[in-house]
Structures are given as structure tokens and as C-alpha cells.
Amino acid sequence: MHFLSQELESYLEDHLPQESALLEELSRETHLKVLQPRMISGHYLGRLLSLLSCIVRPQYILEIGTYTGYSALCLAEGLSDKGELHTLDINPELQGIQNKYFARSKFHSQIHQHLGDAVEIIPTLEHTFDLVFIDGHKVDYDEYYEAVLKKTKSGSVILCDNTLWSGKVAQLAAADDHATLSLQKFNAKLKEDPRVAVIILPVRDGLSLCRVL
């Protein structure tokens, strides 16, 4: 679902900062070689992630769902000088393309990759995270959220991608549409959760922005 007209989407794209050569190449390779390339964050959301990261200026970033690494590279742009980004993914087949582009980035020494189930890995991480980006399996969002809350502090920012789910969250979901049902419950939970302040931004496929209180 397009929340904006094609004309307005084109206008927004035309008024973005230039995509870096590295990110442009990564996007192109993802679309050529990887299944479901629409999962990549892309230029518009990438610039938003970068801007939010630069505003927060995090010491530690946690990302759940690396995919091919585009969003990680954008988030890393806001890291403090000695900051670290920890990115988690369950698919070992994507590590080759991740490693290729992380190694060419100026943030290569600051990015730490973790392979496996995020719900199991998060409790083992020693840091308190200033910025979290959740973009893993939609049915597991609530588990990710509860796990990362234990690794954040007052003022930390948690971003959750795809929370409008092509507009399906506003419709009656079929009993077997587990992703939509999970996101509907998750969005309702965030609205009532006294631990955070939250707003859903109608950006791309929906981005929930939460501030830990």
C-alpha cells in the first residue's frame, strides 16, 4: 500500500540528501541477488534512521534484523566516536554481503554482528543501548521489545519498523494472518504501555518511535 501519491513520493525522494556510493551499490546488489529485496530499508528510511541516530548520538546501538546491512550502515552514521553498533540476524546466508559492505565502511570496527535468535542473544549483551531498531520477525516483536527494554534506560529510543504493515493493521485480520494480528496487538500494547512514549510515523511501511520513560 502507498500511503502517499506517487507524485508526492517522487517529490520526497527528489529532496533527499544524495545516497552514498556504498549504500547505492549495496541497494543495487541486494535487488539483484537477494530474495525479497523490498525488505531493504532503502534511501528514504535510511536517511531518517541516520538523522534520528545523529540526534540521539548513541554510544550503543542495537539492531534486530540486519538483512543485507543497509540500515545498520545508516544507523552507524550517528554513533559517538567510540560507539558500537550490535546487529543481530538469524540468516547465515546473508553474512557474505553484510561483511562485504561493512568492511568497506568507515564504521567497520564499530559494527559487531551476532548470528542467531535475537530473543536468546539480547540477554547476553553487556551494554545498555541508547538506540534500538527492531526489524525482525513480526510475530516476535513483543518478545524483542520486552527483551530490549531490559537493556535500555530512561531517554533511550526504540524504533520499530513495519508497524503499519501495508495498512493491514487497520483492517480485520484473518485468523491465520499471524503477522498482522501480532502487529495489531503490539501497536495496541505500545499505546497503553506506561514505560514509553510512542508515536507511529506513516513512513514507508510504518515506523513506531518510542522513548523510554
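This is a predicted model: local features need pLDDT of at least 70, side-chain atom pairs count only at pLDDT 80 or more; totals for chains, interfaces and linings use all residues.
**View 1. Cys210 is a buried residue of strand S7.** At 0% relative accessibility, Cys210 counts as buried, where buried means under 20% relative accessible area, exposed over 50% and partly exposed in between, computed with a 1.4 Å probe on protein chains only. Cys210 is found in strand S7; helices (H or I, at least four residues) and strands (E, at least two) are DSSP runs, numbered from the N terminus. Leaving aside residues up to four places away in sequence, Cys210 touches Ser156, Val157, Ile158, Leu190, Val196, Ala197 and Val198, a contact being heavy atoms within 4.5 Å.

Residues are numbered from 1 along each chain as its sequence is written, and side-chain values use heavy atoms, with hydrogens and water left out.

View 2. Strand S6 (residues 196–201) and strand S7 (residues 207–212) run antiparallel and are joined by 6 bridges, two strands being paired if DSSP finds at least two bridges between them. Within this pair, Ile200 stands opposite Ser208 in S7. The hairpin of S6 and S7 has 5 residues between the strands, and there Arg204 takes a positive phi near 55°. Strand S5 (residues 157–161) also pairs with S7 in the antiparallel sense, over 5 bridges, and the bridge partner of Val157 in S7 is Arg211.

**View 3. An open sheet of 7 strands has mixed pairing.** The strand order is S3-S2-S1-S4-S5-S7-S6, and the edge strands, each pairing on one side only, are strand S3 (111–115) and S6. Neighbouring strands of this sheet are turned by 15° against each other on average, direction ignored; axes are lines fitted to C-alpha atoms, for helices over the stretch in contact, and angles run from 0 to 180 degrees between N-to-C directions. Strand S1 (residues 60–64) runs parallel to S2, to which 5 bridges join it, and Ile61 has Leu85 in S2 as its bridge partner. Strand S2 (residues 84–89) is largely enclosed by the rest of the structure, because 5 of its 6 residues are buried.

View 4. By class, the contact of H7 with H8 has 5 nonpolar, no polar and 3 charged residues, where Ala, Val, Leu, Ile, Met, Phe, Trp, Tyr, Cys and Pro count as nonpolar, Asp, Glu, Lys and Arg as charged, and the others, Gly among them, as polar.

**View 5. Arg57 and Trp165 are loop residues with positive phi.** Most residues other than glycine have a negative phi. Arg57, which is not a glycine, has a positive phi of about 50°; Arg57 lies in the loop between helix H3 (42–56) and S1 and, with a relative accessible area of 44%, is partly exposed. Trp165, also not a glycine, has a positive phi of about 50° and is placed in the loop between S5 and H8.
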